[in-house]
Amino acid sequence: MANKIRLGLIGASVSGTWSSRSHLPALRASVDVELTAVCTTKADTADAARQAWGARLAFDDWRKMVLSPEIDAVAVVVRVPSHYAPTKAALEAGKHVYCEWPLGRTTSEAVELAALAKAKGLVTAVGLQARVNPALMDMKELVATGFVGEVMAVHVSLMREGVLSRPSHRTWQRDAALGANTLTIANGHTVDAMRFVTGDFTRLSAVVATQAKQWLDTGTNTWLDVTSPDNILISGRLANGAVASVHVGAIPFAGSGYHMEIYGRDGTLVISGEESPQLGEVSLHGAKGSNTLAPMAVPARFMFASAGTPSGEALNVGQMYAQFAGAIRGGESRQPTFETAVELHRLVDAIEQASDSGREATFAI
């Protein structure tokens, strides 16, 4: 294996996509991972991405790319319904895989992929990047080492504006069956950040609702019917005995951003930002034995993305690649893996089932 991990990225583009805003800038700065190959659905766009991001190889068919002896690992950065097939093919070809969240369109797809990776002895990473956000890692350590004492209550909210309209290339997300909506993505990331810091639910009640039942397609100026949920409310009890509530919503206007509040017997911690912690920078405040929250500096040891990694969306992805590469080289696996993804898929299922039944659900951790 080369000094750098040789990566092939499926879903590369020159601009305007999640890969071009996060994965590709992070890889360009990385001292751990080499962007060896890029893949899109067309030869001309693949070659344009190769030239723009400095890859050596370009493919217009991921089936060929995953078989290339020139790469050690594959990143799957495409729409959720298309995660399963290339991820499975890459694992079958003996490649380590970093796949964006959700791992599969369904939990059964995620379970199958995790089992295949385990059977093959391959390293995996799933794009739950909040788990490597430096401020969130600091918050987790503070809770674990007793800053707030006994955790008594947790409240989390993420409110994003813009639910009433979408550009044409994003209206496909209106179909709940495709697995990419507020329940799975925004709520999935938000609940996972909470469970990373404070531990999991053991039982919960939930409301999963579609409040905006039509979206305006701004490309065609037509209204489209929507089945995807846009508001998720969860309440329950955590394994540590704390009570917890979560509200994740896509609302029309003036979203209030992200907040996670942890209230303990000895103190309080609050983390907040304009966006959720897998996407961007969040700030941490704390109070211990007082009623005044004060800013808390995040120690430098929680920053391990390569120097020069851009701030914002690319930073946490750079953090993930550093951990992914370290695990491939035989180090400790500290990145969220496919097994982490399966746990979260099952929790999302429990939230949906609790809402459908109107009864409290027990969640086995």
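These are my notebook entries on a few places I looked up in this structure.

**Ground rules.** I am working with a predicted model, in which local features need pLDDT of at least 70 and side-chain atom pairs count only at pLDDT 80 or more, while totals for chains, interfaces and linings use all residues. Residues are numbered from 1 along each chain as its sequence is written, and side-chain values use heavy atoms, with hydrogens and water left out.

**The parallel sheet.** I began with an open sheet of six strands, whose order is E3-E2-E1-E4-E5-E6 and whose pairing is parallel. Strand E3 (57-59) and strand E6 (124-126) stand at the edges with a single partner strand each, so one side of each is left without a neighbour in the sheet. From one strand to the next the twist averages 20°. I noted that helices (H or I, at least four residues) and strands (E, at least two) are DSSP runs numbered from the N terminus, and that two strands pair if DSSP finds at least two bridges between them. E2 and E3 pair in the parallel sense over three bridges, and I found Ala58 in E3 as the bridge partner of Val38.

**Helices across the sheet.** I then looked at H2, which lies across E2 and E3 and runs at about 155° to E3. Helix H4 (residues 84-92) lies across E1, strand E4 (73-76) and E5, running at about 165° to E5. For these angles, axes are lines fitted to C-alpha atoms, for helices over the stretch in contact, and the angles run from 0 to 180 degrees between N-to-C directions.

**Helix H1.** I checked the length of helix H1 (residues 18-29): at 1.5 Å a residue its twelve residues should span 16 Å, and its end C-alpha atoms are 17 Å apart, which agrees. The expected span here is 1.5 Å times one less than the number of residues. H1 is mostly covered, with ten of its twelve residues buried, where buried means under 20% relative accessible area, exposed over 50%, and partly exposed in between (1.4 Å probe, protein chains only). Among the buried residues are Trp18, His23 and Leu27. What covers the buried residues of H1 includes strand E1 (5-10), E2, H2, E5 and helix H8 (313-328), contact meaning heavy atoms within 4.5 Å.

**Thr40.** Leaving aside neighbours within four places in sequence, I listed the contacts of Thr40 as Ala12, Thr45, Ala46, Phe59, Asp60 and Asp61.

**Backbone exceptions.** The peptide bond from Trp101 to Pro102 is cis, with omega near -5°, and Pro102 is found in the loop between strand E5 (96-99) and helix H5 (107-120).

Strands E10 and E11 pair in the antiparallel sense over four bridges, with Thr222 in E11 as the bridge partner of Asp217. Their hairpin has four residues between the strands, and in it Asn221 takes a positive phi near 55°. At 60% relative accessibility, Asn221 counts as exposed.

Ala254 also has a positive phi, of about 55°, although it is not a glycine. I placed Ala254 in the loop between strand E13 (243-251) and strand E14 (257-264), where at 72% relative accessibility it counts as exposed.
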